[in-house]
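Me: Please take me through a few features of this model, giving the rule for each and then the case.

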Amino acid sequence: MEHRPLAGRTVPVVGMGTSGTFDVPAVDEARQRVTNIALDAGATFVDSSPMYGDAERILGATLGTRRPEAIVATKIWTSDDAEAEHQIDTSLGFFGGHVEVFQVHNLVAWPTRLDQLEARRDRGQLDVVAATHWQASAFDELEQIMRSGRIGAIQVPYNPHQREVEARILPLAQDLGLGVILMRPFAAGGLVDRAPSAGELAPLAGHDVTTWPQALLKYGLSHPAVSVSIPATSRPARMAENAAAGDGPWFGPEEKAIVERLAGG
Ligand SMILES: NC(=O)c1ccc[n+]([C@@H]2O[C@H](COP(=O)([O-])OP(=O)(O)OC[C@H]3O[C@@H](n4cnc5c(N)ncnc54)[C@H](OP(=O)(O)O)[C@@H]3O)[C@@H](O)[C@H]2O)c1
């Protein structure tokens with residue numbers, strides 16, 4: 001598994017999201033195996049949020065005694081200042097009192113949320129303050145935060161159907177030395193509903209791609225600004241498949257164009 005820089009540390013290029021996939025009432029065998037496989041494969045960067053129902057709690061429980069192996073990214077998501085403090089405390093409780101990357105989810109009340117996260121960082125409860133949004137309409141505001149010097153990383157969507165970040169956000173992240181966490185590599189599942197045939201994927205075989213999800217992961221990871229991609233899955237075999245996309249060779253313009261063509265409009 002290749003590692004890349006993110007705000008003064010290095011992270012594996014493939015990690016795991018938990019939106020939808022980990023929102024279950026109690027740890028079950030599938031979720032436990034997904035986490036075990038992620039950790040065993042070195043896909044140790046895991047992302048969650050209080051927006052994802054029970055996902056943070058379930059993720060923390062599946063990490064269990066292996067918590068120190070993981071790089072945990074979670075979020076605050078509320079317009080209420082007191083509730084934000086409560087969310088931070090709750091998240092810290094799920095992850096052993098420390099979170100590596102704490103993000104302002106969808107930029108909600110971001111000036112105050114950054115103050116709160118910076119205060120927690122000063123107390124040693126988190127390492128990196130970050131910001132995330134999933135919509136291109138918020139990228140002007142995200143750019144403003146990136147230029148503020150107050151964050152070490154951003155989380156944004158990037159896949160063949162969502163390429164808006166290529167124009168300004170990814171180049172700016174590179175210029176500023178900010179980490180980039182890539183969300184929605186499969187467009188929330190929309191790009192993996194139907195896979196191209198083995199023949200259509202054959203031109204990518206020289207790049208160690210055997211499946212369509214791996215082609216999509218390598219598509220995003222081939223942009224030099226991207227630090228880590230966080231595909232979400234509830235199925236253990238798919239976690240192994242996704243983690244296997246974590247090494248080069250990476251795509252050039254020709255291979256990226258093939259993936260865009262196969263992804264269609
Ligand atoms: N505003 C934000 O900050 C924000 C917004 C969106 C997402 N995120 C983060 O980014 C993560 C990823 O985004 P996402 O969950 O929306 O979408 P995604 O990772 O693009 O797609 C997830 C979907 O792909 C399926 N899948 C995963 N691996 C697969 C494979 N190898 N083959 C076939 N299908 C596969 C999963 O279904 P199965 O479970 O059935 O495998 C799931 O339905 C989220 O979980 C969350 O942590 C953040």
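Me: Which residue forms a salt bridge with Asp127?

Reply: A salt bridge is a side-chain nitrogen of Lys or Arg within 4 Å of a carboxyl oxygen of Asp or Glu. Here Asp127 pairs with Arg9, with the closest N and O atoms 2.5 Å apart. The two residues are 118 residues apart and link distant parts of the chain, Asp127 being in strand 6 (residues 126-132) and Arg9 in strand 2 (residues 9-12). Strands (E, at least two residues) and helices (H or I, at least four) are DSSP runs numbered from the N terminus. By the salt-bridge rule the count comes to 18.

Me: What limits apply to these values?

Reply: The model is predicted, so local features need pLDDT of at least 70 and side-chain atom pairs count only at pLDDT 80 or more, while totals for chains, interfaces and linings use all residues. Residues are numbered from 1 along each chain as its sequence is written, and side-chain values use heavy atoms, with hydrogens and water left out.

Me: At what angle do helix 5 and helix 6 cross?

Reply: Axes are lines fitted to C-alpha atoms, for helices over the stretch in contact (heavy atoms within 4.5 Å), and angles run from 0 to 180 degrees between N-to-C directions. Angles under 35 degrees count as roughly parallel, over 145 as roughly antiparallel, 65 to 115 as roughly perpendicular and the rest as oblique. The axes of helix 5 (residues 139-147) and helix 6 (residues 169-176) cross at roughly 5 degrees and come within 11 Å. The two helices are therefore roughly parallel to each other. Helix 5 makes the contact through Phe139, Leu142, Glu143, Met146 and Arg147, and helix 6 through Ile169, Leu172, Ala173 and Leu176.

Me: Where is the cis peptide bond?

Reply: The bond from Gly248 to Pro249 is cis, with omega near 5 degrees. Pro249 sits in the loop between helix 9 and helix 10 (253-263).

Me: Which residue has a positive phi although it is not a glycine?

Reply: That is Ala7, with a phi of about 50 degrees. Ala7 lies in the loop between strand 1 (3-6) and strand 2.
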